[in-house]
Amino acid sequence: MHWDRLFEDLEGQLASEWEAERAVLDAESERLRIARLDLRARLRVLCGSDTDALIDLVNGQRLPVTVRTLGADWLAVESRGTGDAVRATTAALLVPLHAIAGISTDHGMILASLEEAPVTEHALRERMTLGFVLRDLARRRVPVHLTTRVGEVHGTIDRAAADHLDLAVHDPGQARLAGAVQGFRIVPFSALVAVRTAGDQLP
C-alpha cells in the first residue's frame, strides 16, 4: 500500500506539472497569435456583426456609427445621429483607415474581435481600394461631402487618380452642371477623413 500511495502521489504531481506547462504554452501561443493580429482582422469581425461603435477621426470628430463593410484601406459605416461631419440623420460614410484615431464599442465586441473572423462572401469587396470606390462614385456622378483634415467641401468627383481626386465643387442638392460648379479642387487621398454620400451609395 505504501508504494501504491507513493506512485499515486507522483502521478498526481506529474499530471499537475503537465497541466501547468500546457497552460503556460497555451498562454504563450495566445500571446503570439494576438501579436500577429492586425487592425483589419479585428475590423472584419466588427463588420460581420454590424457593430455599433463610436469612431474617433484624426481631425478630432467623434461619430456614432454602425460598422458595415471593410475594404482594402477603408471602412464603410452608417452614421447614427448628427454631428459636425454628418448633416443628415443617417448617411453612408466611407472612412479611410488612415483617418481612424480610435474605435469605441462594448467590451464584448472588443473581445470578440480578437477571434478569427469567419470567411465571408465579401472577400472580393475587401480587396477594393479607396481609389477603386472613389472612381466608381465618379463614374456614377454621385454627389459627395468630403471631410478633410482642414475642412469640409461638397461636390461631385470628376476623376480619381492613384492617390488623389478632382472635385467639382457645388452646393448640396445641386446637380453637377456647368452653371452650378463654383470651382475645382484636387484632394489627396491622404487628406481625406470621411466621404459622405446620400443614401446607400457605398459598397
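**View 1. The surface and what lies under it.** The protein in this predicted model exposes about 11,700 Å². As for what is tucked away, 37% of the 203 residues count as buried.

**View 2. How the chain is laid out.** Here you can pick out 4 helices and 10 strands. Walk along the sequence and the pattern reads α-α-β-β-β-β-β-α-α-β-β-β-β-β. Now think about contacts with a separation of 6 or more: 54% of them are between residues 24 or more positions apart.

**View 3. Arg40 meets Glu126.** The structure holds 10 salt bridges, and this close-up shows one of them, with the side chains of Arg40 and Glu126 at 3.8 Å, N to O. The two residues sit 86 residues apart, so to speak in distant parts of the chain that the pair links. Arg40 belongs to helix α2, which covers residues 39–48. Glu126 is in the loop between α3 (107–112) and α4 (130–139). Arg40 has 21% relative accessibility and counts as partly exposed, while Glu126 is buried, with a relative accessible area of 13%. The cut-off for buried is under 20%, which is why Arg40 at 21% gets the label partly exposed.

**View 4. Asp56 meets Arg62.** Look here for another salt bridge, this one between the side chains of Asp56 and Arg62, at 2.6 Å, N to O. Asp56 has a relative accessibility of 21%, so it goes down as partly exposed. Arg62 is partly exposed too, at 44%.

**View 5. Asp158 meets Arg141.** In this close-up, the side chains of Asp158 and Arg141 form a salt bridge at 3.2 Å, N to O. Asp158 lies in strand β7, residues 152–160, and Arg141 in the loop between α4 and β6 (143–148), so the pair ties together parts that are 17 residues apart in sequence. With 16% relative accessibility, Asp158 counts as buried. Arg141, at 38%, is partly exposed.

Definitions and conventions. Residues are numbered from 1 along each chain as its sequence is written. This is a predicted model: local features need pLDDT of at least 70, side-chain atom pairs count only at pLDDT 80 or more; totals for chains, interfaces and linings use all residues. Side-chain values use heavy atoms; hydrogens and water are left out. A salt bridge is a side-chain nitrogen of Lys or Arg within 4 Å of a carboxyl oxygen of Asp or Glu. Buried means under 20% relative accessible area, exposed over 50%, partly exposed in between (1.4 Å probe, protein chains only). Contact means heavy atoms within 4.5 Å. Accessible areas come from the Shrake-Rupley method with a 1.4 Å probe; for residues, only the protein chains shown count as cover.
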